[in-house]
Every structure is written in structure tokens, then in C-alpha cells.
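The structure is shown first.

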Amino acid sequence: MLYATGLRVTELCQLQVSNVERDSGILRVTGKGNKQRLVPFGVPAGEAVGKYLAEGRPRLLKGRASRFLFVTARGGAMTRQGFWKLLGGYGKAAGIFRGLTPHIMRHSFATHLVEGGADLRSVQIMLGHADISTTQVYTHVARRRLRETVDQHHPRA
């Protein structure tokens, strides 16, 4: 869900079950400055959340109630630190031993959108950036990648 939406780790940890509209693929997110925004997510992320809600979350809660989507074994909302630890463990299992952070996942989300042709304003809205200049950093990444592609593949580069 983190990579599928580009949420900040705090936003992900504070996400409530009632903020997930799986049928329409939309999250209602409260971000910095208590500002709310709608963030779309794809079918694979929706299916993963559905499986988690049906299987993983009930095992963690053991009959207890929680309004938070992602919970700990004690039934509370997952913390930022707990999420970092989980991400690090999954990263190591995938062979990534350093440099994997929630912010890198957010950065990858935005970079991949821009590289795929998404307009900057849409990416700004999804990331919850107040100023477009904060989002413009991703255009430089896309331009650099474009230059590398031309240099590598164009016969007259």
C-alpha cells in the first residue's frame, strides 16, 4: 500500500479502515497540516488489503476492535518505528541490505509515475505537496533517465 499510494509513513500508520474505499480504489488521507486528500490505489493493492482484512488483521487483533487499518499484535495502530522495522526485514529478505526506507518507497512511487507520463499536478495532489516546486524534483529524475536512455540506445548519441 505504501508503494501503491506514495503515502508518508505516518499517514499510512494513521489510516483508518473507514478511510479505505476498496470498491472505488480510493483512500481518504489526512496529511500534514490536517489537510485531507483522496489518493487512488490499484487493483493489486486493493486485493492485498482485502486479504489482510480477511486474514492477517483478525489474527493480530484476536477479537479486539481497532479503527486503524494496520495494527500491531497488541491491537494498536502500527507505529512509524514498527513499520521501519518491518520494511527493513522484508528488504533484507529480498536482498536489499541498506538504503530501503519508507521515504525511498514514496520517492519511487512518484518517480515511476512521472517516468510513466503522469502530469506533475496529479503527482503533487497524490503526494500531498502544498507547493508544486516540491514535486518538480521528480522531473529532473525523469529527464536524467531520458538522457541516459538516449545515450545508451540512440545510434547517433
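Buried means under 20% relative accessible area, exposed means over 50%, and partly exposed lies in between (1.4 Å probe, protein chains only). The model is predicted, so local features need pLDDT of at least 70 and side-chain atom pairs count only at pLDDT 80 or more, while totals for chains, interfaces and linings use all residues. Residues are numbered from 1 along each chain as its sequence is written, and side-chain values use heavy atoms, with hydrogens and water left out.

A salt bridge is a side-chain nitrogen of Lys or Arg within 4 Å of a carboxyl oxygen of Asp or Glu. The search of the whole structure finds three of them.

| Salt bridge | N to O distance |
|---|---|
| Glu11 and Arg8 | 2.6 Å |
| Glu11 and Arg37 | 2.8 Å |
| Glu21 and Arg28 | 2.5 Å |

Glu11 has a relative accessibility of 5% and therefore counts as buried.

Glu21 pairs with Arg28. Glu21 counts as partly exposed because its relative accessibility is 31%, and Arg28, at 32%, is partly exposed. Through shared partners, salt bridges join Arg8, Glu11 and Arg37 into one network.
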